[in-house]
Amino acid sequence: MRGLQLERFLSEQRRLSALALIPFINAGDPSLALSRELLRALAASGVRVVELCLAFPNSPTDGSVMRASHARALASDVTWPSFLSLVREATVQLDLFCVVLVDYAYSVAPRGMDEVIADVEHAGAAAMLVHG
């Protein structure tokens with residue numbers, strides 16, 4: 001359902017020739033508490049869509065800034081349940097459309113695609129991108 005709502009929102013933005021800022025947040029960089037504050041500030045400023053990433057190690061496609069962000073987030077011990085809780089807060093409490101970014105080897109393979117999809121959908125995400 002959220003995916004269809006996101007599609008309608010983006011279609012309407014295109015129809016109006018409006019720009020839509022879609023910020024990227026690496027959950028837990030540098031802490032989950034700050035990630036929550038960032039999401040609240042973005043929602044309060046009118047942002048409707050965010051890309052929320054569950055950090056992962058060893059990304060050959062990311063530059064040094066993103067690898068450092070992943071390292072900080074991984075050091076803050078963000079877990080799958082705490083990440084999903086953050087997604088749920090963003091969607092339910094802040095009415096944001098969350099596009100979840102996860103890494104296949106780090107997040108999907110250990111759980112299985114069906115479980116990850118079910119978890120992400122249950123958390124209220126509008127879409128999921130799988131890296132790698």
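Author: Gladly, and please keep in mind that this is a predicted model.

Reader: Which residues of α2 are the buried ones?

Author: The buried residues of α2 are Leu32, Ser35, Leu39 and Leu42. Around the axis they cover an arc of only 80°, which puts them on the same side of α2.

Reader: What follows α2?

Author: Glycine 46 follows α2, and the phi of this glycine is positive, near 100°.

Reader: Moving on to α3, what do its buried residues pack against?

Author: The buried residues of α3 pack against β1 (24–27) and β2 (49–54). In α3, the residues Ser69, His70 and Ala73 are buried, and since they cover an arc of only 100° around the axis, they lie on the same side of α3.

Reader: Which residues are exposed on the other side of α3?

Author: On that other side, Ser64 and Ala75 are exposed.

Reader: How far does α3 reach from its first C-alpha to its last?

Author: Helix α3, which has 12 residues (64–75), reaches 16 Å, and this is close to the 16 Å expected at 1.5 Å a residue. Just after α3 comes aspartate 77, which takes a positive phi of about 60°.

Reader: Back to serine 69 for a moment, why does it count as buried?

Author: Serine 69 counts as buried because its relative accessibility is 6%, and the cut-off for buried is under 20%.

Reader: What does serine 69 touch, not counting residues up to four places away in sequence?

Author: With those sequence neighbours set aside, serine 69 touches Asn26 and Asp29.

Reader: Let's switch to the surface, then. Which residues form the nonpolar patch?

Author: The nonpolar patch on the surface is formed by Tyr104, Met113, Ile117 and Val130, and together these residues have about 320 Å² of accessible area.

Reader: Where does isoleucine 117 lie, and why does it count as partly exposed?

Author: Isoleucine 117 lies in helix α6 (residues 113–123). Its relative accessibility is 40%, so isoleucine 117 counts as partly exposed.

Conventions. Residues numbered from 1 in each chain as written. Predicted model: local features only at pLDDT ≥ 70, side-chain atom pairs only at ≥ 80, totals over all residues. Heavy atoms only, no water. Helix = DSSP H or I, 4+ residues; strand = E, 2+ residues; numbered from the N terminus. Expected span 1.5 Å × (residues − 1). Buried < 20%, exposed > 50% of the residue type's maximum accessible area, 1.4 Å probe, protein only. Arc of directions from axis to C-beta. Contact = heavy atoms within 4.5 Å. Patch = residues over 30% accessible without salt bridge, like charges linked within 9 Å, V, L, I, M, F, W, Y side chains within 5 Å. Areas by Shrake-Rupley, 256 points an atom, 1.4 Å probe, with all protein chains shown as cover. Salt bridge = Lys/Arg side-chain N within 4 Å of Asp/Glu carboxyl O.
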